[in-house]
Amino acid sequence: SGGIITIDPGYKNTGSCESAITFLDGEKGILRYRGYSIEELAEKADFLEVAYLLIFGELPTKAQLDKFNNDIKEQSEVDEDMKKILDGFPKTAHPMGVLSSLTSALIAFNPSSVDVSSEEAMYKAIVKIMAKFPVLAAWTMRKIKGLPLDYGDDSLGYVENFHKMMLSKPNKGYEANQIVYDALDKLLILHADHEQNCSTSTVRIVGSSHAGLFASLSAGISALWGPLHGGANQAVIEMLEAIKADGGDTAKYIAKAKDKNDPFRLMGFGHRVYKNFDPRAKIIKTAAEEVLGDLGIEDPVLDIAKGLADVALNDEYFVSRKLYPNVDFYSGIIYRALGIPTEMFTVMFAVGRLPGWIAQWREMRLRKEPIGRPRQIYIGENHRDFKPIDQR
Ligand code: SDX
């Protein structure tokens, strides 16, 4: 259009869309899904109910939730040939790379999921991925642990079934634990959506080309994998373990985080939007203390995390840059208590974020948003003539 182009690296001051799904107030530390506060939803709702709220805009009636749940159970099988793709990975493959690949591969086994020209077709694709994603996520864990695949048990709830598919032990059965289920349910709710973060923006822009829902989600998983984004929850535990191995020397790591010449960052600290506190981090910190207490687990890294936070929250470097614990700072401590290995933490984030990605993709398609195609300011060479190779 020849208009003025302004560059906004990282889109720090650029809005990409209008949305009615999630509201954030970074100054006041407010997070609401469709107008409901995260504090209330984390306490009073369950994950599938919140998924329904995010995707369709209203808290479901009992009949609506039962139908959603049953429609999902109907679709919980994954084609046996998908195992051949999983088998192709080495045990050392990172679960996020496996999950992104399996999500994209799922298209081949569900070709109808690409056509979302009607709301009915869209609903079918949404229910399919809501059903199959936890299976694929659990399979990524079975792969790295060398365990046989567990196909789940439809008599269990959504979150219970997901936990069982991940952690059931062949020949040793599986021990249900309501404390574990409640903690997992709360964590998934707290991760369910967060307006236009990096991975959600990725899902939207891939979906804006009318690539299907599963292809858009596969791209979102890859974006979430990065240590500056969802991958931070794994990086936090690795950092805390390093500090523990270093005799709990938090001062050394605070100094490294402040040293401009040291690429080390205090993982789990800072946020693009929250400039006072991340309300999710507050809830997760309390939940971590409760869950470890209820399960009778002493995890020294929780004390190291709290010690690190106390020092950083009183240090001018962090206070002046408004760097506070974010959603990733304490979550790994709970995942660990639930028996989930560190390399699976970002997969847990993806399972939680799935309904948010779906909701944002659906809103983008229903609002018929144009294909995402930003401009640039060219800073390369002016015109020059071709030179034959013997003259270069
Ligand atoms: C998530 O967007 C979302 O909503 C994401 C998320 C979601 O739910 O989808 O909330 C989930 O991704 C949470 C964030 C997880 N990432 C981490 O914990 C990684 C560590 N944090 C940072 O890399 C950083 O804080 C970001 C990526 C979270 C935010 O980066 P910004 O907004 O681009 O800020 P910046 O990199 O420009 O930093 C501003 C200043 C810089 O110092 P100066 O150049 O001004 O001197 O603060 C410093 C940075 O060096 N800084 C840090 C720091 N984070 C920022 N210094 C040390 N440790 C850190 N963690």
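Colleague: How far is an oxygen atom of the ligand from an N or O atom in the side chain of lysine 260?

Modeller: A polar contact is a pair of N or O atoms within 3.5 Å, and for lysine 260 the distance to the ligand oxygen is 3.1 Å. A side-chain N or O atom of arginine 265 lies 2.7 Å from an oxygen atom of the ligand, while leucine 266 places a backbone N or O atom 2.8 Å from a ligand nitrogen. The ligand taken alone exposes 1000 Å², of which the protein buries 79%, with areas from the Shrake-Rupley method and a 1.4 Å probe.

Colleague: What should I keep in mind about the model and its numbering?

Modeller: This is a predicted model, in which local features need pLDDT of at least 70 and side-chain atom pairs count only at pLDDT 80 or more, whereas totals for chains, interfaces and linings use all residues. Residues are numbered from 1 along each chain as its sequence is written, and side-chain values use heavy atoms, with hydrogens and water left out.

Colleague: How many residues surround the ligand, and which are the closest?

Modeller: A residue counts as near when one of its heavy atoms lies within 4 Å; here 25 residues surround the ligand, the closest being His194, Arg265, His271, Arg272 and Arg280.

Conventions: A polar contact is a pair of N or O atoms within 3.5 Å; within protein, one must be able to donate a hydrogen and the other to accept it, and residues adjacent in sequence count only if both atoms are side-chain atoms.
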